[in-house]
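Here are a few exercises to work through with the structure open beside you. Try each task yourself before you read its solution.

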Amino acid sequence: MQRRDIMRMSLAFGAVLSVSAILSGPGLAEPLAKVGAAAPDFRATDMNGKSVALSDFKGKTVVLEWTNHECPFVRKHYNSGNMQALQKQAVGEGVVWLTLLSSDKGEQGFVTPEQARKLTAERNAAPSYKLFDTDGKIGQMYGAQVTPHMYVIDPSGKLAYIGAIDDKPSTRLDDVKTARNYVREALVAAKDGKVMDPPLTRAYGCTIKYAS
Amino acid sequence: MRKLPRIALFLLPCLLGLAGHPAEAAEPFRSKYSEAALVAERSAIAPGETVQLGLRLKHIAGWHSYWRNPGDSGLPTEIEWSLPEGWKAGDIQWPAPYRMPIEGLVNYGFKDEFVLPVAITAPADAKPGESITLNANATWLVCEKICVPEEAELSLTLPVAAASAPADPRYGRLFSAASLAQPKPSPWQATLGGDDAKLKLHVAATGLQADRLAEAYFFPYDGNALNHAALQPLSVGAEGLQLALKRGIDAGKPVAPLEGVLVLAEKLDGGLVARQAFELRATPGVVPTMAAASIGGIAPAMPGGDVDVIEAMLLALLGGLILNVMPCVFPVLFMKALAFARLGNAHRAEVRREGLAYTAGVLATFALLAGLLIVLRDGGAAIGWGYQLQHPVVVLLLAYLMALVGFNLMGLFELRGGGNIGAALAGRGGSTGAFFTGALAVVVATPCTAPFMGAALGFALTAPKPVALAVFLSLGLGLALPFLLFSLVPGLARYLPKPGGWMQSFRQFLAFPMFATAAWLIWVLAQQTGPDTMLAALLGVLALGFAVWGWGRFGEGRWRPVGIALAGIGVVAALLLLRVPLAGADDAAPSARDAASASTTSAGSMPGAKGSAIAWDRFDADGIAEARRQGRPVLVNMTAAWCITCLVNEGAALSSAGLAAQLQQRNVLPMKGDWTRRDPAITRYLNEFGRSGVPLYVLYPADPARAPVVLPQLLTEGLVIEALNKL
């Protein structure tokens, strides 16, 4: 009670003296990635030890998928086969699919390269690369908040879609059948050179367990 | 064979002696993280009656489930009913949620044990004596850092009774908590302004006192409307309160009406904080600019991070440092610094002494401020410091002071004589002068800091005295620090520019920020009162200018009497003009309060809410004894227009027709005292009960020998009726 009052008092000082920057938490930092803007470049190591950069895929459509295999929302899309089907269809069309792992060591969703390979095989997943972002820098840069958080980058390198995988925020497997799949739509739009509508939705899922 | 189940259904309860027994939940659902069951507020339901049922959830420590808008992640809890024919279930009546920061995101939800109420209506042809089993499938997501989806098939067997059944005592506490947390219709208009990125939510809650608010937060229904993680800085002014909101996914779209729940936590007596929730719909429109706002950054509500005393003191120190460059403080300090430079290294000891004296002056003034606060607090004056600083007369006096300092810097007059404030200002006068320069620095800093001082002092109201004092002294030390360094570290003075003719020009130049501050204060005054006061203020400054001109021109030599006369005329005129805002403060400012208090006094309801069925008598201490002599119990209700909790209690618990009937039936005399304008008789009455503020509810049994019962500050209808039953 008293401590909270002290904190409020401090915040009052902060607000008026415009030193809010000192007080604001990491969540308040503006991410670089914005719909319609160029997707910021990054480099990361994949589960097979290969170093991969976003700029390696110039001229191609790229999907970014943030994941955490223990998250119930991620499980909904893998246990139903929804995510794998999306991946296969996309990769078959020449899209580059990057799955990102931003869980910190010791947190839910953290895996070793070996576990990542095993999970990919077990679940019959088909991303182009599975990338480690253990320090969370890429995730923070893109403002990824939850798993699964989905991004579609068009061939010109601009972010065409950011948000949820579909419009049914739930953990029920059955919902994937009736949901409107935004990622699929964004990929079709990118292929046709059209603008995805909506280009931005609220992602649903588990909070990403970033390194603090 | 086909008939058997029906007969069994009919007979079984009788055979087992179940009829008339309270509602029975099947085994509750239990998992590692949660316990869930269906519960009913009453032990039975009558045909056609609507009874509150609820999903009772209990999560293990640190885990939570979600509100209808879960925030940045999570899922709302869902209940799917399968009811016998004719039975109806409403939607979940969501209690006001809590804000839960996690990993830089913010979720909205509930912790520990709570009930999500749902209204269940029995068909008119339900047969008394029957027992009905209600089934529901509930799904929720329970999270700490990680999340687990849970699902339970729940059922509740509810006897149908001929008449309304009494409340089930087992769940009274949970249902009453849910009812207190239920958003009430907002008694205030809400307007929404803003641009592509930001919104300003204006709630026309006039007459609120900033220092009674511990928290203000708006929970939007639509998850796309706002950035959930962004803080919602609060301003409170005469026009109402405003929250600065950051837009979410919908940023860039046209500003649309915003619906949601506004939570206002109000500080009550005894360290109690009442969390009041209002449902509102803000329509896009013109948001008024608030003239003199008390600003508070309201911290995250529920698990709140820890900032220790040292950290708070460091922040205060930083705040004090920044005060040095504020337009109202800088000129004064700069002149003093130049005086130091003039003294130079030859007078090191003197410079050091003055630096210390100045610091002492600043600290003493801050200690005085903190002391004043404590006196105010202990005196039970709920009128807050923020309000004092917003008083039109105080604003005008500050404008006068700014103008005077400006005139002095311009060279219109000089002040002489050792040891007074003027001497310090002119850069003479030794240690005593330096001490008062310190005091003056704090006073002239007021217009630049008043809003935040008000808020900070308001927060300090609940902080323990030593902590509040430490924080305020740190602020003072920050203000004094640059000057202190100059006086203590010999080398630093070398970096000051060399004294010379330019100093006169610069000194005159510095008058302009002071005049600008005066202009701003007069504008604030005009906003608070009206154009008449603005004219009075301008004439007052003119009169002061005349006074100091007369004094400066004729203050010495044989024309001295003329100088004194001219100065006298000017000063008297300026002081007489203070009467205009004073009168305005008495007429204009309370007019809004009167309107609000009139509505509480006469209608006894929240503005906009439906009128109370209770006919309140005006509070009269002698009337209590008189009524009891006549064998009547008395219910005393002490309220004020600016007390949110009072409004909520009167709009909900105290305005029900049921309670009105009970009071009439028992011949209870309801009495209401309005403390909006601090009636001394009510203050005395509050003190008798050890209270320094409203609300206060007291129930007197008719028997004068029996002691009165003080009811809780947060009322429900049931609570009052229960107290009446015990009479």
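**Exercise 1.** Leaving out residues up to four places away in sequence, which residues does A:Val63 touch?

*Solution.* First, some ground rules: this is a predicted model, where local features need pLDDT of at least 70, side-chain atom pairs count only at pLDDT 80 or more, and totals for chains, interfaces and linings use all residues. Residues are numbered from 1 along each chain as its sequence is written, while chains are lettered from A and ligands numbered from 1 in the order in which they are written.

Next, take contact to mean that two C-beta atoms, placed from the backbone, lie within 7 Å. By that test A:Val63 touches A:Ala90, A:Val95, A:Trp97, A:Leu98, A:Met150, A:Tyr151, A:Val152 and A:Val183.

Of its 169 residues, A:Val63, A:Tyr151 and A:Val152 touch the most other members. Strand S11 (residues 131–143) of chain B gives this core its largest share, eight residues. Another core, of 63 residues, lies apart from it and includes B:Leu475 and B:Val541.

**Exercise 2.** Is A:Pro40 buried, partly exposed or exposed?

*Solution.* Start with the cut-offs: buried takes 20 or more other C-beta atoms within 10 Å, exposed 12 or fewer, and partly exposed is in between. A:Pro40 has 15, so the residue is partly exposed.

Then place A:Pro40: it's in the loop between helix H2 (20–23) and strand S1 (43–46) of chain A. Helices (H or I, at least four residues) and strands (E, at least two) are DSSP runs, numbered from the N terminus. Beyond four places in sequence, A:Pro40 is in contact with A:Leu32, A:Ala33 and A:Met141.

**Exercise 3.** In which sense do S19 and S20 of chain B pair, and over how many bridges?

*Solution.* Pairing requires at least two bridges found by DSSP. S19 (residues 258–267) and S20 of chain B run antiparallel, over 10 bridges.

**Exercise 4.** What is the mean pLDDT of chain B?

*Solution.* pLDDT is the predictor's confidence in each residue, from 0 to 100. For chain B the mean is 79, and 78% of its residues reach 70 or more. Over residues 417–426 of chain B, pLDDT stays under 50.

Note on methods: A nonpolar core is a set of buried Ala, Val, Leu, Ile, Met, Phe, Trp, Tyr and Cys residues joined through C-beta atoms within 7 Å.
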